[in-house]
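Subject: The structure for you to look at

Dear colleague,

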Amino acid sequence: MPRTTVWGAVAAVTLAMFGASCSVGSDSDDPGGTPAVAGRSAVSTPAAEPSPPLIPTATPVEKVRDAFAGLQATLDDSCTPADCAYFLRRVLDELHRLDGAMKASEKGPGHFAEPIKSIRELNLQVGSDQSVENLKKHQAALIATRNKINTWMQGHPDDYR
């Protein structure tokens, strides 16, 4: 049902309810003048107004080009003693971000089969332990995966421009 039809129906029902509540007289002995409605006593609680239908809000899907830009931003960084933990976690996060964007892309995950496979293989190596010690242990695989995907993406400029 088109959105305008739904809102039109909601508006019509709301107006009808408002008009009915304004035109009903008071048949009760209640000093407050609570209106009596056929089939209900004057003391019953009024029906709640219908809430407007929920309109699904689409969560914006990150574009591959934006996620790839995040991964590329790690290319000039390295694992220095002061920032190694941050760097390794960032590379892993950017790879996961790119993985999600590729899987949600309009081109479909089949178009990005090779990079998605590389990230899946890295995830199998790293496992669920994202501690600094484990990431340092898999540092070479993290960097190699990042570089491999960067090379693949450079060969597919339409995916990030």
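Below is what was found in it, going from the whole chain to single residues.

Please keep in mind throughout that this is a predicted model. The chain holds six helices and zero strands, and if you follow it along the sequence, the pattern you will read is α-α-α-α-α-α. Of the 161 residues in the chain, 27% are buried. The chain exposes about 10600 Å², and carbon and sulfur atoms supply 57% of that area. As for how the chain meets itself, if we take the contacts between residues at least 6 apart in sequence, 64% of them join residues at least 24 apart.

The next topic is the cysteines. A search of the whole structure finds one disulfide, and this bond joins Cys-79 to Cys-84, with an S to S distance of 1.4 Å. The torsion about the S-S bond of Cys-79 and Cys-84 is about -60°, and therefore the disulfide is left-handed.

I would then turn to the second largest pocket, which has about 290 Å³ of space in it. Its lining is made of 15 residues, and the closest to the pocket's centre are Lys-63, Val-64, Arg-65, Ser-105 and Glu-106. Two elements, α2 (64–72) and α3 (84–104), are the ones that give two or more residues to this lining. Sorted by class, the lining of the second largest pocket consists of eight charged, six nonpolar and one polar residue.

Leu-135 sits in helix α5, which covers residues 132–137. With a relative accessibility of 1%, Leu-135 counts as buried. Which residues does Leu-135 touch, if those up to four places away in sequence are not counted? They are Leu-88, Arg-89, Leu-92, Val-126, Gln-130 and Leu-142. For one of these, Arg-89, there is also a distance: although Leu-135 and Arg-89 are 46 residues apart along the chain, their C-alpha atoms are separated by 7.5 Å.

Ile-143 belongs to helix α6, which covers residues 139–154. Its relative accessibility is 19%, and because buried means under 20%, Ile-143 counts as buried. The C-alpha atoms of Ile-143 and Leu-88 are separated by 8.6 Å, while along the chain these two residues are 55 residues apart.

Gln-72 lies in helix α2, and at 29% relative accessibility this residue counts as partly exposed. When neighbours within four places in sequence are left aside, Gln-72 is in contact with Asn-150 and Gln-154. Between the C-alpha atoms of Gln-72 and Arg-146 the separation is 8.6 Å, and the two residues are 74 residues apart along the chain.

Note on methods
Residues are numbered from 1 along each chain as its sequence is written. This is a predicted model: local features need pLDDT of at least 70, side-chain atom pairs count only at pLDDT 80 or more; totals for chains, interfaces and linings use all residues. Side-chain values use heavy atoms; hydrogens and water are left out. A disulfide is a pair of cysteine sulfur atoms within 2.5 Å. Helices (H or I, at least four residues) and strands (E, at least two) are DSSP runs, numbered from the N terminus. Buried means under 20% relative accessible area, exposed over 50%, partly exposed in between (1.4 Å probe, protein chains only). Contact means heavy atoms within 4.5 Å. Accessible areas come from the Shrake-Rupley method with a 1.4 Å probe; for residues, only the protein chains shown count as cover. On a 1 Å grid over the protein atoms alone, a cavity is a set of points where a 1.4 Å probe fits but cannot get out, and a pocket is an open set with protein on both sides within 12 Å along at least five of seven lines; lining residues have an atom within 4 Å of a point. Grid points are joined across faces, edges and corners, and a volume is the space filled by probe spheres set on the points. Ala, Val, Leu, Ile, Met, Phe, Trp, Tyr, Cys and Pro count as nonpolar, Asp, Glu, Lys and Arg as charged, and the others, Gly among them, as polar.
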